[in-house]
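Thanks for making the time this morning. I would like to walk through one model with you, element by element, and I will give the cut-offs as the terms come up.

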Amino acid sequence: MTSAIHERVPLKATSTYVKSYYAALQRFHQHGHTTDGNTRSAFADLLKRAARAYDWQLVEEYQFKGTGKQSLRADGALVDALTLVHGLWEAKDTADDLEREIKVKVSSGYPLTNILFQSPARAVLYQDNRIALDCDVSKPASLVEVLELFFEHRQPHEVDWEEAVAKFSEKIPDLAGGVTTILEAEHKKNADFRDKFQAFAELCRQSINPDLTDEAIRKMLVQHLLTERIFRKVFNSQEFLSRNVIAAEIEKVIRSITNRHFSRDEFLKPLDRFYTAIERAAEAQQEYTEKQHFLNAVYEKFFQSFDRKQADTHGIVYTPQPIVDFMVRSVEEVLKSEFGKSLSDEGVHILDPFTGTGNFITRIMQQIKRSRLPQKYAEELHCNEIMLLPYYIASMNIEHAYMERMGEYRPFDGICLVDTFELAEPQQAGFSFMNEGNTERIRRQRKAPIRVVIGNPPY
């Protein structure tokens, strides 16, 4: 595959960052610093500069699962915004026998799909389990050639993914419009659908906002219809529809038209390639945090294509993880210094009122002592979300974070689909919120002695 990226940003032997690489190597050798720990940094800088042009980043000391599922660490990995890995890099110094070092790495489980073994004098690039190039990288032209091959290589699932994302952006508006047309037609001719839709609409207005329009509620149904497969597949959760209290409620409405008037599978066929590409890309995400970041990024892409106006008004961009980490640690420090308490202590109820996809709660769960987490998870962690898709993602993220930490699945009953601002209004006090399960969660939250409120309010 010829990459459009390469056409946009061609690498040249005369590029400033190529010259800088050789200048850095020369300085290291002049001062006798020839170990891989020193010379590696010069090549890492070169890869970082090249990766920026591709909208990727070089992640150093990258941990991954080997071909035998063992835990391994590469000197670097080329990673895109969705945490998809496009290539691995291993650095050696001039004194190393590169061929012997490669054999050691291969025998320990390093994949040969796209990996660059490099020393200051030589580079061996493996692609698709064979040597794609073995060259003398002391020569700028050879260095550029191997880097171009390294950056341009695509696995079949990567090609499918890149093409599917582009097609998805094109097709989503039409498909969403098609679903809306079907819903409007069913509203006129299908009494069962009409009754279920009206009941659902009333629940939404009571729970989220009394001014919610039928159009906004139809958008919720469309979002659910177009994305529920993604959530089931990415986290391998086939019980998602029946287990999640809100998803189960929406499914009642959807099934009132799919039973006789509408084939969900047939309608979604135009998106099948995109779904498959997501599923294949998700399989490459081996760690839970990678899956979480991947799903957040997919969600952002979905919203940008599906409803740009809502994406703009609700700020579909997430707080960077380092900021979330800093805020959680800061709250822990303030609790200790000012109140003599900890996030782990019994009785310290915690609320994220605008949870998005649940990043603050999942980070707090890492801060809480493992021995205390079951009680905190069951009784003292609370969060709210007003939009359907992030509510879904938050539910799954939080439940998977618990399973990763404790080794067992437990549903998270602390999340509510509700408008936190409306929740404080007196007229909401006696309403039913979506269904009895959601209502009970909100009642419990209202009675809780909230000690900590943490999150990123919507702008």
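Let me begin with a backbone question: which residue just after H4 takes a positive phi? That residue is glycine 109, whose phi is about 115°.

Before going further, please keep in mind that this is a predicted model, in which local features need pLDDT of at least 70 and side-chain atom pairs count only at pLDDT 80 or more, while totals for chains, interfaces and linings use all residues. Residues are numbered from 1 along each chain as its sequence is written, and side-chain values use heavy atoms, with hydrogens and water left out.

As for the overall picture, the protein chain has 20 helices and ten strands, where helices (H or I, at least four residues) and strands (E, at least two) are DSSP runs numbered from the N terminus. Of its 459 residues, 54% count as buried, and by buried I mean under 20% relative accessible area, with exposed meaning over 50% and partly exposed in between, using a 1.4 Å probe and protein chains only. Among contacts between residues at least 6 apart in sequence, 67% join residues at least 24 apart, a contact being heavy atoms within 4.5 Å.

Let me return to helix H4, residues 98-107, where the buried residues are Leu98, Glu101, Ile102 and Lys105. Seen down the axis, these fall within an arc of 100°, so they line one face of the helix; the arc is that of the directions from the helix axis to the C-beta atoms. The buried residues of H4 pack against strand E3 (85-91), strand E4 (114-118) and strand E5 (122-127), whereas the face turned away from the buried side carries the exposed residues Lys103 and Ser107.

Buried in H2 are Tyr17, Val18, Tyr21, Tyr22, Ala24, Leu25 and Phe28, and they cover an arc of only 155° around the axis, which puts them on the same side of H2. On the other side, Thr16, Lys19 and Gln30 are exposed.

Turning to the strands, E1 (residues 57-65) holds tyrosine 62, which counts as buried because its relative accessibility is 12%. Eight bridges join E1 to strand E2 (residues 71-79), and the two run antiparallel; strands are taken to pair if DSSP finds at least two bridges between them. Glutamine 57 has valine 79 in E2 as its bridge partner. The two strands form a hairpin with five residues between them, and in the turn lysine 69 has a positive phi of about 70°.

Strand E7, residues 349-352, has both faces covered, with His349 and Leu351 buried on one side and Ile350 and Asp352 buried on the other. Three bridges join E7 to strand E10 (residues 450-453), in parallel, and three join E7 to strand E8 (residues 381-385), also in parallel. Isoleucine 350 stands opposite valine 452 in E10 and opposite leucine 381 in E8.

In the loop between helix H15 (321-339) and E7 lies serine 344, which is buried at 4% relative accessibility. Its side chain reaches the backbone nitrogen of lysine 369 at 2.9 Å, and, not counting residues up to four places away in sequence, serine 344 touches Gln367, Ile368, Lys369, Arg372 and Lys376.

Finally, how many disulfides does the structure hold? There are zero, a disulfide being a pair of cysteine sulfur atoms within 2.5 Å. The sulfur of cysteine 383 is 7.5 Å from the closest cysteine sulfur, in cysteine 416, which is too far for a bond. Cysteine 383 is buried at 0% relative accessibility, and cysteine 416 is buried with a relative accessible area of 1%.

Methods. A polar contact is a pair of N or O atoms within 3.5 Å; within protein, one must be able to donate a hydrogen and the other to accept it, and residues adjacent in sequence count only if both atoms are side-chain atoms.
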